[in-house]
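Here are a few worked exercises on helix packing. Have the viewer open, try each task by yourself, and then compare your steps with the solution.

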Amino acid sequence: MAESSVDASVTQTNEEQKSVLAKDNEGDSRKQSGIPLSRKVCYAVGGAPYQMTANAKGFFMQIFLLDVVQMNAFHVSLILFLGRAWDAISDPLVGYIVSNSGKTRFGKLIPWLVFTTPFGVLSYIMMWFTPQDTMSPAFSFSWYFTMCCLFDTFMSCYHVPYSSLNMFLGGDQKDRDSATGYRMGVEVFATLAGAAIQGQIVGVYHAKKAHACSQMNHSGQALQNISSPLTDTLHNTRRAYVIAAVIFGALYLLCCLVLFLGVKEQLAPLSTLDRIRIPYISGMKMVVKHTPYVRLVFGFLFASLAFQMAQGNFALFCTHAAGLGAYFQHLVLILLTAASLSTPLWQTLLMKLGKKTTIFIGLAIYAPTLIIIASVHSNLPLYIFMSILAGSSLAALYLLPWSMLPDVVDDFKVKNPTCKDLEPMFYSCYVFFNKFGGGMSVGISTMALYFAGYKPGACRHNPEVITTLRVLFAPVPIALLLVGMVLFYFYPINEARRLQIQKELKEAVTRDEDLAGNGVCL
């Protein structure tokens, strides 16, 4: 019996030594090879569906429900706010469920993306579909609220694992930053492509309505005299929104396929890609008590809230306050083209100046552009120039916070080396606050328009509505942006601390291998 026990102990020791050697070899391989370019590109392509659909919702959902579905502004505000609230709440829950799921032959995260994609595509198309020409307020509210919640739930099941996948691509911190740069470049381009598709398909009908309303305003005709052209335009507009949704759904499927075929999950330092070992509440407490994470998240929340407040009101502002309703889809394309082209510039600056300094430069550009746009009426060349500057600032918001988040996760790992596989919870809470900011922005905006007297489908609005649009487009976003910049100022991870984290992480990995990964997360 004693000899058998000794033999078993020796065998177990040998197995542990082999496991440690395998880990060392795997780590050396990652350091030597980094992340292959093909994997970076396929990973980046996987981020396109979220940005295409999110920006289509951000730019067009409010005007779609108000002027195409012709829903009451109060009900629109409820759909946009409660839908985003549900979306935000579902993200941490999805993050925990993903963290608590086991590893399959295809990995731990990628199966979530693949199996939820068909449901996400179907619900997205239904979200832009008008079941009947005339609907009761109760049925209209129920249909669009349900479809929004379904789509947001399935998109959470896609986007939370996808965001966490950045930590499991292999390579070191510089490789992950490079992959994030590729991802943000593709996402901004996807946003541009999505706006081009949506804008060109549905924008022509919005322009026709704006032209009909302009004729009425100049000629003094009664609305009844042009009701037939407006009715025909409305039917065509509804059909155009469905066509755009079908095209987006096909691209959604294609991008998911590229990600599945081109990316294989790799182990990250101090991670096992296995089930988490602590309850949901305990994990959430540890995540939200990590000071760098809290400051980064809330800085991102207020900055994102500022951008989404202006973005959500841009179509209505151009249509009703600036007198450029026929051009707003072109201004959106210009803004997003500038964002796409300036992403490599911000990537270069963050490598030279550091992430914290670069995000201050990027966000500081946004406030003057909003002030000038809100102060000038019907000056298309000036709007084009300001849209270019705003797009450049938008690229900084796309890139920098997502590039800073892996540093925060590594900092947490260094300070809590026994708490493993919490990456999906970090990323899900990050997405939660971004979506919560979006829900707050559109909900508050639409509610403000409701109290100002906004009339769905109307060609002319009272001065209170115009003033409300101007306030929502510039002063409110600027105030929110300043709060976000203050929070980023107190963000503790600068370049010196980031380099120290990487050194401490390597030491922690060595200690963890010596202990064979044992330990209790406290």
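**Exercise 1.** In which kind of crossing, left-handed or right-handed, does α10 pass α17?

*Solution.* Keep in mind that this is a predicted model. Begin with the geometry: α10 and helix α17 (residues 475-489) have axes 8 Å apart and pack at an angle of about 160°. Angles over 145 degrees count as roughly antiparallel, and α10 and α17 are therefore roughly antiparallel to each other. The crossing in which α10 passes α17 is left-handed.

Next, look at who touches whom. On the α10 side, the residues in contact include F298, F302, L305 and M309, and their partners in α17 include L480, L481, V483 and L487. Sorted by class, this contact has 17 nonpolar, two polar and one charged residues.

**Exercise 2.** Work out how α3 and α10 are placed relative to each other, and describe their contact.

*Solution.* Helix α3 (residues 48-68) and helix α10 (residues 291-321) cross at roughly 50°, and their axes come within 7 Å. That angle makes α3 oblique to α10. The crossing of the two is right-handed.

For the contact itself, α3 supplies N55, G58, F59, Q62, I63, L66 and D67. Across from them in α10 are residues including Q311, F314, L316 and H320. The class count for this contact is six nonpolar, eight polar and one charged.

**Exercise 3.** Describe the packing of α12 on α14, from the axes to the residue classes.

*Solution.* The axes of helix α12 (residues 355-364) and helix α14 (residues 380-415) lie 9 Å apart, at an angle of about 160°. The pair is therefore roughly antiparallel. Their crossing is left-handed.

From α12, the contact uses K355, T358, I359, G362 and L363. From α14, the residues taking part include A396, L397, L400, M404 and D407. Divided by class, the contact residues are seven nonpolar, four polar and two charged.

Conventions. Residues numbered from 1 in each chain as written. Predicted model: local features only at pLDDT ≥ 70, side-chain atom pairs only at ≥ 80, totals over all residues. Heavy atoms only, no water. Axes fitted to C-alpha atoms, helices over the stretch in contact; angles between N-to-C directions. Helix = DSSP H or I, 4+ residues; strand = E, 2+ residues; numbered from the N terminus. Parallel < 35°, antiparallel > 145°, perpendicular 65-115°, else oblique. Left-handed = near helix turned anticlockwise from the far one by under 90°. Contact = heavy atoms within 4.5 Å. Nonpolar A, V, L, I, M, F, W, Y, C, P; charged D, E, K, R; others polar.
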